[in-house]
Number of protein chains: 2
Amino acid sequence: MNFSIAEENYIKNIYHLQQQSELVNTNSLAYELQTKPASVTDMLKKLQVKNLLDYEKYKGFRLSSKGNKVAINIVRRHRLWEFFLVTKLGFEWDKVHAIAEELEHVSNQELIQKLDRFLNHPQTDPHGDPIPDGNGKMPVIHQLSMADVVEKKKVIVSSVGNQSPAILELLNHYHINIGTEIKINQRFSFDGSIEIKVGKYAACIISELVAKNIFVYHD
Amino acid sequence: MNFSIAEENYIKNIYHLQQQSELVNTNSLAYELQTKPASVTDMLKKLQVKNLLDYEKYKGFRLSSKGNKVAINIVRRHRLWEFFLVTKLGFEWDKVHAIAEELEHVSNQELIQKLDRFLNHPQTDPHGDPIPDGNGKMPVIHQLSMADVVEKKKVIVSSVGNQSPAILELLNHYHINIGTEIKINQRFSFDGSIEIKVGKYAACIISELVAKNIFVYHD
DNA sequence: ATATTTTTTTAGATTTGTCTAAAAATTAAT
DNA sequence: ATTAATTTTTAGACAAATCTAAAAAAATAT
């Protein structure tokens with residue numbers, strides 16, 4: 001079955017909101033889609049008719065299992081394109097989202113299957129998020145962004161989400177490389193910056209932007 | 001300036017029809033777009049307001065110079081994606097049109113510029129059609145499909161638009177390779193088949209589909 | 001040159017996705 | 001437990017792109 005771009009955007013955003021809370025409400029979806037609550041209600045009714053949504057008036061809503069499958073497929077396309085844009089076309093990590101947002105709506109099965117093969121079945125997109133496989137199965141990713149690591153954890157750097165000379169210069173300065181062990185001391189909520197300890201060097205602070213670009217493993 | 005998918009499809013198809021005749025008429029565009037003449041008239045008015053079209057009621061229409069630039073950009077995107085689909089993703093020559101038709105509407109300048117670089121600035125798409133560069137300049141292509149060669153011409157095979165084992169088997173059978181000289185004897189309009197003479201071998205007939213897949217140079 | 005046919009355009013309706021303003025239901029507050 | 005505030009939905013309108021049916025213009029044929 002085929003869905004309009006508008007429908008796909010609703011489905012995808014409901015999916016993402018569900019990662020944070022079981023039930024989704026009209027206002028937050030409207031905010032996410034940069035539209036008005038009334039428009040959301042209209043679309044919810046259409047999605048419900050197509051059996052993509054479990055929805056009761058005034059009670060909130062969630063994707064049906066069919067809706068979930070559709071959503072995961074969209075997420076798959078989005079993340080594969082992001083991976084392509086960064087690794088093949090040389091885009092910066094942080095510039096690919098908007099473009100992938102358009103490419104994801106080209107919904108030819110064979111295209112995505114062949115793209116996946118061409119990219120060697122990547123497990124995560126350039127932001128470290130897992131890419132579901134053709135059956136909708138999410139790979140279990142041990143890698144996560146340093147911005148998401150809890151305090152006091154020791155981690156090992158696995159990859160960097162941005163290949164720009166600017167960030168590599170910075171990482172050199174901090175003595176951070178692939179394989180480097182880092183301890184997360186403390187996170188400052190004001191600006192999301194983090195105090196870390198790299199090997200034997202004195203503790204130092206990295207900005208949230210840097211933290212987001214460093215991917216790490218931990219046990 | 002940005003255009004809707006519908007607008008882009010109209011512009012592109014007007015462009016293609018103009019390659020055959022200076023002025024385009026409502027019915028043929030409607031046929032091309034698989035829509036109704038009344039819908040075409042409606043859209044023509046909109047395109048005229050946006051200065052994309054020279055249009056006089058009942059007199060036919062053509063793209064303005066602005067419209068032409070937009071069209072060439074769409075053609076560029078379409079052909080670059082076709083090239084990508086065949087050479088990188090391994091699609092068959094004849095399966096890529098529909099997919100490129102969708103991808104062409106993702107109109108991010110940087111995306112197309114980087115895709116072009118990634119593909120090494122190809123001069124022609126998998127059908128042998130020239131790919132305009134970033135400034136809208138069409139490369140002069142001496143290569144053309146054998147289906148388009150006039151009768152009695154001698155040509156030299158330059159490439160094959162389809163890498164499938166099936167066509168390669170056929171070409172072997174006909175003793176056709178890259179560099180082979182072929183004389184086009186006669187074209188049969190009933191089915192588009194062509195009688196050709198390959199080197200010293202007896203004249204034989206190839207189907208239109210095969211002819212379309214053989215690209216040749218001639219003086 | 002007039003009638004016939006074909007092509008093109010207008011008029012008015014429809015579908016999709018959106019909006020504003022107002023009503024209804026739910027939640028929070030006193 | 002009412003009242004107040006918030007959230008959600010309805011009602012009605014609008015823009016884009018399409019359609020059908022009918023009118024208008026142009027091309028063709030006698």
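How do the residues of the surface near DNA strand D divide into nonpolar, polar and charged? In this predicted model, the surface near DNA strand D is made up of eight nonpolar, seven polar and five charged residues, where Ala, Val, Leu, Ile, Met, Phe, Trp, Tyr, Cys and Pro count as nonpolar, Asp, Glu, Lys and Arg as charged, and the others, Gly among them, as polar. Because the model is predicted, local features need pLDDT of at least 70 and side-chain atom pairs count only at pLDDT 80 or more, whereas totals for chains, interfaces and linings use all residues. Residues are numbered from 1 along each chain as its sequence is written, chains are lettered from A and ligands numbered from 1 in the order in which they are written, and side-chain values use heavy atoms, with hydrogens and water left out.

Of the atoms of DNA strand D within 4 Å of the protein, 73% belong to sugar or phosphate, and the rest belong to bases. Phosphate oxygens of DNA strand D are found 2.8 Å from a polar backbone atom of Asn27(A), 3.0 Å from a polar side-chain atom of Thr41(A) and 3.0 Å from a polar backbone atom of Tyr58(A). The elements that give two or more residues to the surface near DNA strand D are, in chain A, α2 (26–32) and α3 (37–49) and, in chain B, α1 (5–18) and α3 (37–49); helices (H or I, at least four residues) and strands (E, at least two) are DSSP runs, numbered from the N terminus.

Turning to the two protein chains, 20 residues of chain A are in contact with 20 residues of chain B, contact meaning heavy atoms within 4.5 Å. The size of an interface is often given as the accessible area lost when the parts come together. The area buried between chain A and chain B is about 1600 Å², and carbon and sulfur atoms give 81% of this area; buried area is the accessible area (1.4 Å probe) that two parts lose on being put together, summed over both. Between chain A and chain B the count of salt bridges is zero, a salt bridge being a side-chain nitrogen of Lys or Arg within 4 Å of a carboxyl oxygen of Asp or Glu. On the side of chain A that touches chain B, the elements giving two or more residues are α4 (65–87), α5 (97–103) and α6 (109–118) of chain A, and the largest share, five residues, comes from α6(A). The residues of that side of chain A divide into twelve nonpolar, four polar and four charged.

Chain A contains eight helices and eight strands, and its C-alpha trace spans about 60 × 40 × 30 Å along its principal axes. Of the 219 residues of chain A, 46% count as buried, where buried means under 20% relative accessible area, exposed over 50%, and partly exposed in between (1.4 Å probe, protein chains only). Among the contacts in chain A with a separation of 6 or more, 58% are accounted for by residues 24 or more positions apart.

Ser158(A), placed in strand β4 (residues 154–160) of chain A, counts as buried because its relative accessibility is 15%. The side chains of Ser158(A) and Gln143(A) are joined by a polar contact of 3.3 Å, and, leaving aside neighbours within four places in sequence, Ser158(A) is in contact with Gln143(A), Ile178(A), Phe215(A), Val216(A) and Tyr217(A). In chain B, Ala71(B) belongs to helix α4 (residues 65–87) and, at 0% relative accessibility, counts as buried. Not counting residues up to four places away in sequence, Ala71(B) touches Ile11(B), Tyr15(B) and Leu63(B).

Tyr58(B), found in the loop between β1 (53–56) and β2 (60–63) of chain B, has a positive phi of about 70° although it is not a glycine, and at 84% relative accessibility Tyr58(B) counts as exposed.

Key. Near = heavy atom within 4 Å. Polar contact = N/O pair within 3.5 Å; in protein donor to acceptor, adjacent residues only side chain to side chain.
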